[in-house]
Amino acid sequence: MTAGLAGRPSLGGLPVPFACEDDGGALDHSVVVKRRAIRCALSRVCGICGDPLTRPVAFIGGSDEADAELFAFPPVHLECAHEALEVFAPIGGRHLGHVEAPLTWALVTTGGFDLIRPTRRGDPVAFHPNSVLETQLID
């Protein structure tokens with residue numbers, strides 16, 4: 001593991017991404033904390049490690065999210081994306097903000113993204129990669 005994921009708090013023996021920890025310290029692999037997601041977008045920090053983003057930016061999620069170009073998990077470093085997929089994709093389960101594991105994971109790299117704010121109070125934010133460089137599917 002890179003220092004980013006290795007340095008994160010753990011739950012059930014697995015590291016918890018920055019975006020899945022609330023400001024009070026509560027941890028849940030299957031929930032993207034809205035406040036953290038917005039912070040990732042506006043402050044341009046990685047949803048996995050919490051460090052400032054560099055280009056290219058990566059998004060990880062299900063293949064359906066890649067097809068729609070709309071992701072629930074915030075932007076991440078490309079290295080953090082690879083690491084997170086190595087850790088979480090093989091074990092299935094509820095990780096990276098998904099209540100159910102995607103059948104096929106997608107890794108999308110992009111030069112930039114847009115934060116899509118919800119239209120109704122309480123709904124989650126989403127992220128739209130606006131200049132896709134590459135899409136990889138991982139079974």
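Modeller: Let's start with helix α2, residues 34–43, whose buried residues are Arg36, Ala37, Cys40 and Ala41. Their directions span an arc of only 135° around the axis, which puts these four on the same side of α2; the arc is taken from the directions that run from the helix axis to the C-beta atoms. In general, an α-helix has 3.6 residues a turn, so residues three or four places apart point the same way. Arg35 and Leu42, on the other side of α2, are exposed. By "buried" I mean under 20% relative accessible area, by "exposed" over 50%, and by "partly exposed" anything in between, with a 1.4 Å probe and protein chains only.

Before going on, keep in mind that this is a predicted model: local features need pLDDT of at least 70 and side-chain atom pairs pLDDT 80 or more, while totals for chains, interfaces and linings use all residues. Residues are numbered from 1 along each chain as its sequence is written, and side-chain values use heavy atoms, with hydrogens and water left out. Helices (H or I, at least four residues) and strands (E, at least two) are DSSP runs, numbered from the N terminus.

So what does the buried side of α2 pack against? The partners are β6 (113–116) and β7 (126–129), where a contact means heavy atoms within 4.5 Å.

Arginine 44 sits in the loop between α2 and β3 and, at 31% relative accessibility, counts as partly exposed. That loop between α2 and β3 also holds proline 56, which a cis peptide bond joins to arginine 55, with omega at about -5°. Leucine 96 is another non-glycine with a positive phi of about 55°. Its loop is the one between α4 (78–88) and β5, and leucine 96 is buried, with a relative accessible area of 1%.

Phenylalanine 59 belongs to strand β3 (residues 57–62) and phenylalanine 113 to strand β6, so the pair ties together parts that are 54 residues apart in sequence. Both ends are buried: phenylalanine 59 has a relative accessible area of 0%, and phenylalanine 113 comes in at 12%. Phenylalanine 113 also pairs edge-to-face with phenylalanine 127, at 6.4 Å centre to centre and 65° between the planes. With phenylalanine 127 in strand β7, this pair links β6 to β7 across 14 residues of sequence. Phenylalanine 127 is buried too, at 0%. Phe59, Phe71, Phe113 and Phe127 form one aromatic cluster.

Strand β3 takes us into the sheet. This is an open sheet of four strands in the order β4-β3-β5-β8, with antiparallel pairing; two strands pair if DSSP finds at least two bridges between them. The edges are β4 (76–77) and β8 (132–138), each with a single partner strand, so one side of each has no neighbour in the sheet. β5 (residues 105–110) and β8 run antiparallel and are joined by six bridges, and threonine 109 stands opposite glutamate 134 in β8.

Next along is threonine 110, also in β5 and buried at 0% relative accessibility. Leaving aside neighbours within four places in sequence, threonine 110 touches Pro56, Val57, Phe59, Pro129, Asn130, Ser131, Val132 and Leu133. The side chain of threonine 110 reaches the backbone oxygen of serine 131 at 3.0 Å. That is a polar contact: a pair of N or O atoms within 3.5 Å, where, within protein, one must be able to donate a hydrogen and the other to accept it, and residues adjacent in sequence count only if both atoms are side-chain atoms.

Key:
Phe/Tyr/Trp six-rings, centres within 6.5 Å; stacked < 30°, edge-to-face > 60°.
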